[in-house]
Amino acid sequence: MAFTKNPVSSTYDTKRLDFAISPQQRSGQLPNKDARMLNMMIEPLQAMTNANKRLFVKSRPGLDTAYSINTGIARGVYYWVINNVGYVITVCADKVYTDGVLVATLTTTTGEVGFTEFVSSTGTVTLVMVDGTKGYVFTNAVTAPTEITAVDFPTPHIPQPVFLDGYLFLAKQNTQDIYNSNLDDPALWTSGDYISAEMYPDTIVALSKNNNYIYAVGRTSLEYFFDEANATGSPLGRHDSAVQQFGTSAGGTVVGTDNEVILVGGTANGGYTVWTIAGFKEKEISIPAIRSILLAEGDALATAVAHCVRVGSQKLYVVTLTSRTIVYSFDNEMWSEWASGVDGTAAFIGSHATNGPNGAAYVLDRQGSKVYKMSEDYFTDAGTAFLCQITTPKQDFDTFNQKFMSRLSLIGDVPDDTGVDNNVTVQWSDDDYKTWSPARTISFNYGFPSIPQLGVFRRRAFRFQYILPHLLRLEGYEVDINKGSL
């Protein structure tokens, strides 16, 4: 062939694509359109530099039944370590259990229950539990707690107790007031010992703590208080120069973590978002898809609850909505979604959780009938498989021309060394997620896990699924395409 300065470009190409994606759903009402990760977590390989860091996705930890308890509305769970022994304390309806054994019956049956540990100046350790009406003090985990009977105990209150410098603090419901116990005794309360959040015409809906500051979270504002060591009345003083002009209508989503407070809150321009506050510095961490999901909750967002746990080697903020559970990883600053069941349509089985030993967490069933241990050692939800699914964005490979795809291969770790449970299914949609091709099976083994002849398309999205009791960890997928000219 004669030499030419303008050779014809090859239309054949091989492309490698990542699985690590944030949700891109165009509406909170359309969960089956656009990119979505269900029951998958993103795991960066830290040894790599930022320029060439590899990102894996892996199936979330599963659940194993730790204790069975009577069915009832889930209200709270706390893992208390005392005298070097850990106990799981749970509240369902009006029943309080320690390690699955009934220890007390409450007078309330609904509403969140909150816990905080209390340490006196003499080193006496107790656990305070509040249910919105009454308060209780555990001196040990295996016998009934003692009810707080002080006349001036604030009731009704927001069930988010805070311990600071030998005091127990509670916000009285539908007020601006933060009440405190007597020094060194959570069971004794004195009339007039309170301070009010007065900078905005707002009422407190949540109380939290970060470092040595108490956060009083209202519906549209947030104020900070510190121990001013006042001789009479409340020991607290207001930090007048630090205030936030946003709050929350979902008090149950306000969670204090290692070094920040996180909450589902509003914005000055309307809608909902997720904020972290470290010290006095706020940061918005939600993305458009998450804001759409929150907006779709409507009035039901007020009943949302959240918790922060370390599991699967990551620190996670887990928000339980009416029928969806959204999860933020502090480690990789990305969002995903959890669900239960083999088809991924059932709400995630848990609603409350607490950190447990050795990188595990204890999760309370939404219906209150089970306490689960969540760990990477488990790959089902108490024996029931759950769907691991990755729905990709639409790909056009930088041209709207017709393309033919001749091969798709998986890149990652083989799930099952025995070669039995390695089937990953793949489907694709060429009409904006409206219809999907019949599922094809890729045998994910040590050889060449591929399928051929994937047809003609202009823009294509893929859906990968795995429903077997093993850890699935994927890095990406690779395709061979032939780009047309029309």
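## The β6–β7 hairpin

In this predicted model, strands β6 and β7 form a hairpin with two residues between them, and N83 in the turn has a positive phi of about 55°. Strands here, like helices, are DSSP runs numbered from the N terminus, a strand (E) having at least two residues and a helix (H or I) at least four. Eight bridges join β6 to strand β7 (residues 85-92), and the two run antiparallel; strands count as paired if DSSP finds at least two bridges between them.

Strand β6 (residues 74-82) has eight of its nine residues buried, so it is largely enclosed by the rest of the structure. Buried means under 20% relative accessible area, exposed means over 50%, and partly exposed lies in between, with a 1.4 Å probe and protein chains only.

## An open four-stranded sheet

Four strands in the order β10-β11-β12-β13 form an open sheet with antiparallel pairing. Its edge strands, β10 (114-119) and β13 (146-147), each pair on one side only. Six bridges connect β10 with strand β11 (residues 125-130) in the antiparallel sense, and V125 in β11 is the bridge partner of V119.

## Aromatic pairs

Rings of Phe, Tyr and Trp (its six-membered ring) are taken to pair if their centres lie within 6.5 Å, with planes under 30 degrees apart counted as stacked, over 60 as edge-to-face and the rest as tilted. By this rule the count comes to 22 aromatic pairs. In one of them, the rings of Y215 and Y224 have their centres 4.8 Å apart and their planes at 75°, so the pair is edge-to-face; Y215 and Y224 are both buried.

The rings of W428 and F462, with centres 6.4 Å apart and planes at 65°, are likewise edge-to-face because of that angle. This pair links distant parts of the chain, since W428 belongs to strand β36 (residues 423-429) and F462 to strand β40 (residues 461-466), 34 residues apart.

## R60 over two rings

A charge sits over a ring if NZ of Lys or CZ of Arg is within 6 Å of the ring centre and within 35 degrees of the ring normal. The charged end of R60 sits over the ring of W338, 5.8 Å from its centre, and R60 also lies over the face of F386, at 3.8 Å from the ring centre.

## Basis of the values

Residues are numbered from 1 along each chain as its sequence is written, and side-chain values use heavy atoms, with hydrogens and water left out. Because the model is predicted, local features need pLDDT of at least 70 and side-chain atom pairs count only at pLDDT 80 or more, whereas totals for chains, interfaces and linings use all residues.
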